[in-house]
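Dear colleague,

Please find below the structure that I am handing over to you. A short account of the findings follows it.

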Amino acid sequence: MQKSFNSFEVIDDDIIIKRIDKSLLTYGEIRIPNYLRDFFHFHEMEKHDRWDITIHYNKTEFYGVLYLDDYKRLRGKLRWGKDLTRELSNVTSKYVFESYGYEIREESTPLLRLQKIDKKTFNADIIFPEDVERDAREYMLHADKFIYGVKARFENDPEIRMKVLKRKGMSCAICGFNYENYYGDVARGYIQIHHIIRDENRMEEYDIEKDFIPICENCHGILHRNKENNLSVSELKQIIKLRHELRKTEKE
């Protein structure tokens with residue numbers, strides 16, 4: 001399920017994409033359109049309810065509120081504080097406000113990805129389409145660095161990369177590493193894409209949900225290290241989990 005409505009894109013029941021605009025950065029709020037009422041559980045709210053919510057962004061908890069300002073029509077807003085607005089503005093303003101002297105192009109406007117954990121908890125990422133395109137070009141220029149072989153033609157495709165990041169976010173799906181969280185602005189928007197091949201005879205067909213994950217360079221290299229006996233994603237996850245449990249035991 002992936003549908004686009006004006007500045008929103010519905011990826012599935014738990015993930016939406018919002019194109020960042022002047023209103024979002026100026027007022028620190030999003031007007032929730034009617035087709036997203038169920039996503040935000042407005043049908044469960046009473047007339048004067050204001051739900052305190054938590055938004056996790058860049059390894060920090062931010063607080064906001066969901067409320068109805070038109071109970072009869074179940075229309076409402078998602079609003080957050082100045083601290084989150086400041087964080088978002090620091091990295092996206094130049095793509096939105098003309099005063100920065102940057103060429104404003106709709107296709108380069110950053111995207112706010114909201115993943116619903118429960119009705120009052122959300123994870124937030126920012127996707128930079130410009131970086132997705134640039135990284136895909138860079139990968140192709142330095143293809144000799146990688147061990148992917150023929151599979152790289154999917155992993156380097158900017159359209160596929162964008163679809164994967166919208167659906168699965170900017171952190172490594174295996175170890176959870178996030179480049180921007182660790183390195184700051186210099187690593188903004190950076191992550192690799194891994195193509196999970198389940199059937200070598202069906203490589204021309206792919207499913208974004210099942211066949212691709214965002215991945216850090218370390219995990220990617222380990223998956224492809226032994227071409228004769230590649231590890232699976234689940235096997236590497238299990239190895240990391242066991243190593244983590246072992247280190248906890250050693251510290252006790």
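Phe177, Tyr179, Tyr182, Tyr183 and Tyr190 form one aromatic cluster; rings of Phe, Tyr and Trp (its six-membered ring) are taken as a pair if their centres lie within 6.5 Å. Please note that this is a predicted model, in which local features need pLDDT of at least 70 and side-chain atom pairs count only at pLDDT 80 or more, while totals for chains, interfaces and linings use all residues. Residues are numbered from 1 along each chain as its sequence is written, and side-chain values use heavy atoms, with hydrogens and water left out.

Aromatic contacts

The structure holds eleven aromatic pairs. In the pair of phenylalanine 40 and phenylalanine 122, the ring centres are 5.9 Å apart and the planes stand at 40°, so this pair is tilted (planes under 30 degrees apart count as stacked, over 60 as edge-to-face and the rest as tilted). Because phenylalanine 40 lies in the loop between E4 and E5 and phenylalanine 122 in strand E9, the pair ties together parts that are 82 residues apart in sequence. Strands (E, at least two residues) and helices (H or I, at least four) are DSSP runs, numbered from the N terminus. Phenylalanine 40 and phenylalanine 122 are both buried (under 20% relative accessible area, with exposed over 50% and partly exposed in between; 1.4 Å probe, protein chains only).

Arginine 188 lies over the face of phenylalanine 128, at 4.1 Å from the ring centre. A charge sits over a ring if NZ of Lys or CZ of Arg is within 6 Å of the ring centre and within 35 degrees of the ring normal. Lysine 18 is placed over the face of phenylalanine 8, 5.4 Å from the ring centre.

Strands E10 and E11

Strand E10 (residues 192–195) pairs with E11 in the antiparallel sense over four bridges; pairing requires that DSSP finds at least two bridges between the strands. Histidine 195 has phenylalanine 212 of E11 as its bridge partner. Strand E11 (residues 212–215) is covered on both faces, with Phe212 and Pro214 buried on one side and Ile213 and Ile215 buried on the other.

Lysine 47

Lysine 47 is found in the loop between strand E4 (29–32) and E5. With a relative accessible area of 51%, lysine 47 is exposed. Lysine 47 and lysine 72 are 25 residues apart in sequence, and their C-alpha atoms are 8.6 Å apart in space.

With kind regards
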